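Work through the following exercises with the structure open beside the text. Each task is followed by a solution that goes step by step.

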Amino acid sequence: MKATLMFLMAGLCAALCMAEPQVNEISLAHGGTVYVCTGGSSKRYHKTNTCNGLRGCRAEIVATTVAEAEKAGKTPCRMCYK
């Protein structure tokens, strides 16, 4: 019984540890990390700092929260948030 339980726990851990991280929309709405370009014409926030929407950023790309990005007038990226 103990060996079976250990095997199941190890399998669960492996499945969780190897899974791709999922961006939870609810956590984003409550302050999850997003990325913005600090350039003056930047209008969007992004799920990742490698989004194609940030390719043209000539300024710095910084991590922030959804709340802060929206407070600064940013809206969700159309590529990240399809």
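The confidence score used here, pLDDT, is the predictor's confidence in each residue, on a scale from 0 to 100. This is a predicted model, in which local features need pLDDT of at least 70 and side-chain atom pairs count only at pLDDT 80 or more, while totals for chains, interfaces and linings use all residues. Residues are numbered from 1 along each chain as its sequence is written, and side-chain values use heavy atoms, with hydrogens and water left out.

**Exercise 1.** Find the average pLDDT of the chain, and where pLDDT stays under 50.

*Solution.* Next, look along the sequence to residues 4-24, where pLDDT stays under 50 and the model has two contacts (heavy atoms within 4.5 Å) beyond four places in sequence. Where pLDDT is low, the predicted coordinates should not be read in detail.

**Exercise 2.** Determine which cysteines are joined by a disulfide, and which parts of the chain the pair ties together.

*Solution.* Apply the criterion, a pair of cysteine sulfur atoms within 2.5 Å; a search of the whole structure then gives one disulfide. The bond joins cysteine 37 to cysteine 57, with an S to S distance of 2.1 Å, and with 80° about the S-S bond the link of cysteine 37 and cysteine 57 is right-handed. Because cysteine 37 lies in strand 1 (residues 33-37) and cysteine 57 in the loop between strand 2 (44-45) and strand 3 (61-65), the pair ties together parts that are 20 residues apart in sequence. Strands here are DSSP runs of E with at least two residues, numbered from the N terminus.

**Exercise 3.** Decide whether cysteine 37, cysteine 57 and cysteine 77 are buried or exposed.

*Solution.* Use the cut-offs: buried means under 20% relative accessible area, exposed over 50%, and partly exposed in between, with a 1.4 Å probe and protein chains only. Cysteine 37 has 9% and is buried, cysteine 57 is buried at 15%, and cysteine 77 is buried at 4%. The sulfur of cysteine 77 is 3.7 Å from the closest cysteine sulfur, in cysteine 51, which is too far for a bond.

**Exercise 4.** Identify the geometry of the aromatic pair formed by tyrosine 45 and tyrosine 81.

*Solution.* Rings of Phe, Tyr and Trp (its six-membered ring) pair if their centres lie within 6.5 Å, and planes under 30 degrees apart count as stacked, over 60 as edge-to-face and the rest as tilted. The count comes to one aromatic pair. Tyrosine 45 and tyrosine 81 are edge-to-face, at 5.7 Å centre to centre and 75° between the planes, and both tyrosine 45 and tyrosine 81 are buried.

Terms used:
Helix = DSSP H or I, 4+ residues; strand = E, 2+ residues; numbered from the N terminus.
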